[in-house]
Amino acid sequence: MVSRESFVNLSDEVFERVGVDPEFSEHLDKPSLTYWADVWRRFKQNKLAIFGLVLMVSILVMIFVGPLISGKNYKYMDSSVKNLRPNSEYWFGTDDMGRDIFTRVCYGGRISILIGFLCTIVMFVIGSTLGALAGLKGGWVDNLIMRFAEVIGNLPYLIIVVILTMVMGRSIFAIVLAMSITSWVGTCRMVRGQILQLKELDYIEAATALGADTARVIFKHLLPNALGIIMVDITMSIPGFIFGEAFLSYVGLGVRPPETSWGALASAGQQQLMFHPHVLFFPCLMIVLTTLAFHLVGDGLAEALDPKLRK
Amino acid sequence: MKNNILLEVRNLHISFSTYAGTVQAVRGVDFSLNVGETLAIVGESGCGKTVTVKSIVRLLPQDVAKIHGDNVGITLDGEDLLSLEEVEMSRVRGKRIAMIFQDPMTSLNPTMKIGDQIGEVLLIHKNVSKKEARLQALELLQMVNIPNAEQRIDQYPFEFSGGMLQRVMIATAIACDPEILIADEPTTALDVTIQAQIIELIKNLQRERDMGVILVTHDLGVVASMADRIHVMYAGQIVERGTADEIFYSPKHPYTLALLKSVPKLTEDKQEPLYSLIGTPPDLINPPHGCSFAPRCEFAMKICRIAEPSPTLFGGYHESCCWLHHPKANKSGVPEILLREVV
Amino acid sequence: MTDRETLLEVRNLKKHFKIGRKSIVKAVDDVSFDVFRGETFGLVGESGCGKTTCGKTILGLHKPTGGEVIYDGMDVHALDSDRKKDFTKIAQIVFQDPYSSLDPRMTVGDIIGEGMDIHHLCKDKGEREERVFDLLQTVGLNREHINRFPHEFSGGQRQRIGIARALAVEPEFIVCDEPISALDVSIQAQIVNLLMQLQREKQLTYLFITHNLAMIKYISDRVGVMYLGNLVELAGSKQLYEMPYHPYTQGLLSSVPVPDPRIERRKETAPLRGEIPTSINPPPGCRFASRCDYAREVCYEVMPPLIEIEDEHFVACHLMASP
């Protein structure tokens with residue numbers, strides 16, 4: 001700051017009237033951030049979440065690119081290299097039939113993650129449609145859907161899976177169907193709650209006052225605003241389904257050989273735990289890392305989306 | 001009254017670190033509060049008035065808020081509050097300086113009975129038994145005019161209306177006979193008829209107890225009905241200070257004048273168009289050069305955008321920071337009231 | 001005042017909400033008034049008096065429990081869905097909370113353009129953009145704001161976006177639901193001046209809802225005072241402030257602190273005592289009786305009707321009916 005004394009000799013010129021500065025008055029100083037850019041900014045600050053994201057991408061790259069680099073075929077059996085320890089030729093070693101475990105883990109991962117994604121998509125579509133409908137319409141529609149959800153939610157999951165795989169055979173389709181049939185209930189409840197909350201906000205009423213129909217209100221206003229929470233739910237669900245599939249395969253209800261998945265690989269490896277632990281170790285490691293990655297990303301997203309942490 | 005200085009705030013700067021940069025919320029605020037007077041800090045949201053009073057009782061989040069400034073000081077009766085340990089501060093807070101907030105609902109614990117919440121303050125600060133605390137709590141509730149206090153004392157906050165809760169807050173605040181009551185927008189959340197009751201209550205309590213009151217508000221009506229002296233804040237600085245009459249009847253800063261002219265008066269009949277300031281207060285991450293009000297000021301001169309004006313004294317306590325009072329200032333078109341010599 | 005034309009008739013409007021099995025909130029209970037074309041009708045009252053519910057029911061955003069709303073000859077609540085959509089082009093609303101009334105995921109351009117999209121007012125994207133620019137200018141914002149998101153704006157700026165959204169469909173009637181309550185003093189003047197200027201330019205009719213008595217006196221031609229779902233007094237704004245008849249109106253007016261210390265120091269009237277009761281299962285009789293200094297037996301038993309005691313000055317009070 002300049003001291004007062006130095007102002008005594010100010011020239012007349014500086015006292016020229018300039019008036020209001022129109023540039024300044026409506027000027028926005030902060031850089032423009034879209035909602036998702038803002039979420040990404042907060043997500044980036046979370047080191048664990050970034051670690052999860054990197055891990056997730058690495059796993060995906062590995063399972064899709066891995067077999068190309070290793071140059072092995074996941075079905076090819078070479079009786080001369082049974083049960084090898086990890087080495088420079090076979091990075092994760094070989095199994096009791098002389099197959100390359102690294103390549104098999106990659107292929108199995110594709111199936112596991114595919115099932116995870118498929119189940120989540122089915123869950124999301126059914127759950128959010130029914131949930132949105134229940135939340136928006138209210139009254140008897142709401143009652144009907146929620147009672148239906150309660151009935152489905154109380155079905156014994158394992159028995160359904162066993163029956164379905166028996167009837168439809170052990171195909172990926174059957175597994176996805178079996179796991180999705182009960183899973184949408186949680187999503188439905190969550191979406192309904194979100195919609196009920198959003199419905200009360202003025203901008204929904206403003207849209208109605210502008211003459212918007214129900215479809216417009218749902219797709220233009222409600223869903224985009226509920227998307228954040230739904231995304232967290234999706235990220236957190238995928239590892240659950242991967243785990244579920246692994247469990248089914250482990251107990252022998254999963255994919256049929258020669259197709260494989262992490263669960264099937266672990267199941268096979270378990271028989272050789274005593275002498276060749278690496279056969280079990282690698283598929284299990286992948287399951288753990290994948291679950292961890294998705295959970296970290298999900299947590300990070302949830303935190304980034306929480307309006308209480310917004311500034 | 002002049003020599004009875006109770007609380008003094010010197011060259012207070014407060015900044016907050018956010019992702020977008022450092023927000024300079026308060027930029028060099030000085031004021032003092034005398035015994036038994038009501039000092040109002042008036043300003044719009046974001047001008048730093050709440051931050052200023054919260055810093056007095058050290059209620060700012062310590063991880064992001066930083067108090068600084070050359071020779072900065074907050075002294076209560078000669079004791080520097082800024083250098084106190086947290087333990088010592090907690091003895092000042094609630095006991096010597098009490099605070100009430102805009103939203104009484106969120107300042108009370110919803111799972112505790114009203115009587116216990118008032119009693120808690122007494123148990124902490126005064127050496128009383130539980131029974132004694134309850135008795136005093138009851139007395140306090142009666143003092144703030146809560147009907148059926150004997151039954152109300154065992155009720156929970158949700159059973160009270162907003163106005164009643166504000167009464168409870170006031171009862172809690174005066175429980176330990178504080179020397180200073182800080183009221184941060186005490187009536188903003190209330191209806192007009194209830195607001196009138198609360199203003200009346202605070203005025204009466206102040207008179208009875210000779211408390212110093214710091215009133216933070218944006219409502220000029222409330223200020224007119226309560227304040228002895230007024231500080232007008234804009235963009236983290238005090239732009240004008242004076243007694244209530246000086247500020248209302250001979251404002252010396254264009255912002256003060258704009259504020260006064262932008263509210264319609266119930267008592268006036270034919271009203272001229274409301275004065276409307278264009279634009280919004282500046283972003284305090286990047287405060288403008290010179291006078292922070294200059295970009296919105298229709299009388300702004302070149303100098304206003306270059307250098308900060310220093311205060312001009314108009315006798316007594318009345319002070320305004322504006323270049324218009326410089327002898328060489330371009331005074332054409334400036335309302336006469338801003339320039340008039342005070343008698 | 002002779003050639004005025006009734007634009008909106010509210011007849012015995014009732015809106016009750018059921019909460020739980022036995023409790024009924026009588027948010028709006030038998031309210032009648034007219035709004036003339038081109039005027040600003042002010043509806044004033046404290047929280048819970050039903051003024052907002054009243055405004056929203058008039059627009060058809062709530063279904064009324066009883067009574068009717070006639071706008072320009074048509075019964076608002078008996079329209080089929082196409083005509084209802086047409087009505088939204090005629091009658092618009094500006095909300096109180098500039099934060100929750102704008103969709104956070106939409107750009108300013110899309111928020112303002114939504115009404116035009118719904119009513120297909122623009123031939124192509126270019127025309128839509130032009131019109132959005134015009135509206136932004138009308139409310140004092142810049143062209144470059146079109147791609148910004150609501151959270152980047154201040155409260156006053158957001159409120160102006162909300163006004164632009166309502167103006168986009170070129171309505172003739174706007175319900176202003178506490179449009180200034182959430183704003184700072186200097187910004188309030190901005191918004192009020194803007195609304196008044198728009199009214200002159202576009203011949204708009206306003207139903208202006210607020211609890212700010214000084215502002216409603218300033219902006220309105222006529223004022224209705226509501227208390228707990230009832231209209232207790234209705235008069236030209238000058239008449240009402242000079243000569244309030246209803247004890248509640250009197251108490252309300254004397255409670256407002258005036259920004260003038262000398263007047264405040266002289267003020268001697270005691271504030272209105274008591275709390276505002278809830279509107280859940282209200283007792284019969286005058287709703288204000290519990291706080292009224294002049295209440296007599298009849299006040300607790302019979303609801304006073306709204307009667308004209310002077311030219312264009314209506315009061316619902318037993319004291320006025322039989323002095």
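Reader: How many bridges join β1 to β2 in chain B?

Author: In this predicted model, strand β1 (residues 5-18) of chain B is joined to β2(B) by 11 bridges, and the two strands run antiparallel.

Reader: What links β1(B) to β2(B)?

Author: A hairpin of 2 residues takes the chain from β1(B) to β2(B).

Reader: And which residue is the bridge partner of B:Val9?

Author: That is B:Phe31, which sits in β2(B).

Reader: Nice. How is chain B divided into domains?

Author: There are two parts: domain 1 covers 5-227 and domain 2 covers 234-339. Their centres, taken over C-alpha atoms, are 29 Å apart. Where they touch, domain 1 of chain B contributes 19 residues and domain 2 of chain B contributes 14 residues.

Reader: Which elements give two or more residues to the domain 1 side?

Author: β2 (21-34) and α9 (220-226) of chain B do. β2(B), the strand from the hairpin, gives the most to that side, with 10 residues.

Reader: What are the residues on that side like, nonpolar, polar or charged?

Author: On the side of domain 1 that touches domain 2 in chain B, 10 are nonpolar, 7 are polar and 2 are charged.

Reader: Let's zoom out. How many helices and strands does chain B have?

Author: Chain B has 13 helices and 13 strands. Its radius of gyration is 21 Å, close to the 20 Å that the globule rule gives for 343 residues, so chain B is as compact as a globular protein of that length. The C-alpha trace spans about 70 × 50 × 40 Å along its principal axes.

Reader: How much of chain B is made up of buried residues?

Author: Buried residues account for 49% of the 343 residues in chain B. As for contacts in chain B with a separation of 6 or more, 64% of them are between residues 24 or more positions apart.

Reader: Is B:Ala235 buried or exposed, and why?

Author: B:Ala235 is buried, because 24 other C-beta atoms lie within 10 Å, and 20 or more is what counts as buried.

Reader: What about chain C, which residue there has a positive phi?

Author: C:Asp30 has one, near 60°, and it is a residue other than glycine. C:Asp30 lies in strand β2 (residues 23-36) of chain C. With 18 C-beta neighbours inside 10 Å, C:Asp30 counts as partly exposed.

Reader: What sheet does that strand belong to?

Author: β2(C) is part of an open sheet of 4 strands in the order β2-β1-β4-β5, with antiparallel pairing.

Reader: Which strands stand at the edges, and why does that matter for their neighbours?

Author: β2 and β5 (74-75) of chain C stand at the edges, and each has a single partner strand, so one side of each is left without a neighbour in the sheet. Strand β1 (residues 6-19) of chain C pairs with β2(C) in the antiparallel sense over 11 bridges. Along that pair, C:Lys18 stands opposite C:Ile24 in β2(C).

Reader: Changing topic: how many residues are in contact between chain A and chain C?

Author: 20 residues of chain A are in contact with 26 residues of chain C. From chain A, α8 (202-209) and α9 (214-250) each supply at least two residues of that side, and α8(A) gives the most, with 7 residues. The side of chain A that touches chain C divides into 10 nonpolar, 6 polar and 4 charged residues.

Reader: Is α8(A) enclosed or open, then?

Author: α8(A) is largely enclosed by the rest of the structure, because 7 of its 8 residues are buried. Among them are A:Tyr203, A:Ile204 and A:Ala207.

Reader: What covers the buried residues of α8(A)?

Author: The cover includes α7 (172-199) and α9 of chain A, together with α2 (81-90), β6 (91-94), α3 (108-118) and α5 (155-167) of chain C.

Reader: And what follows α8(A)?

Author: α8(A) is followed by A:Gly211, which has a positive phi near 95°.

Key: Residues are numbered from 1 along each chain as its sequence is written. Chains are lettered from A and ligands numbered from 1 in the order in which they are written. This is a predicted model: local features need pLDDT of at least 70, side-chain atom pairs count only at pLDDT 80 or more; totals for chains, interfaces and linings use all residues. Domain bounds come from an automatic or database domain assignment. Two residues are in contact if their C-beta atoms, placed from the backbone, lie within 7 Å. Ala, Val, Leu, Ile, Met, Phe, Trp, Tyr, Cys and Pro count as nonpolar, Asp, Glu, Lys and Arg as charged, and the others, Gly among them, as polar. The radius of gyration is taken over C-alpha atoms; the globule rule is 2.2 Å times the number of residues to the power 0.38. A residue is buried if 20 or more other C-beta atoms lie within 10 Å of its own, exposed if 12 or fewer, and partly exposed in between; C-beta atoms are placed from the backbone. Two strands pair if DSSP finds at least two bridges between them.
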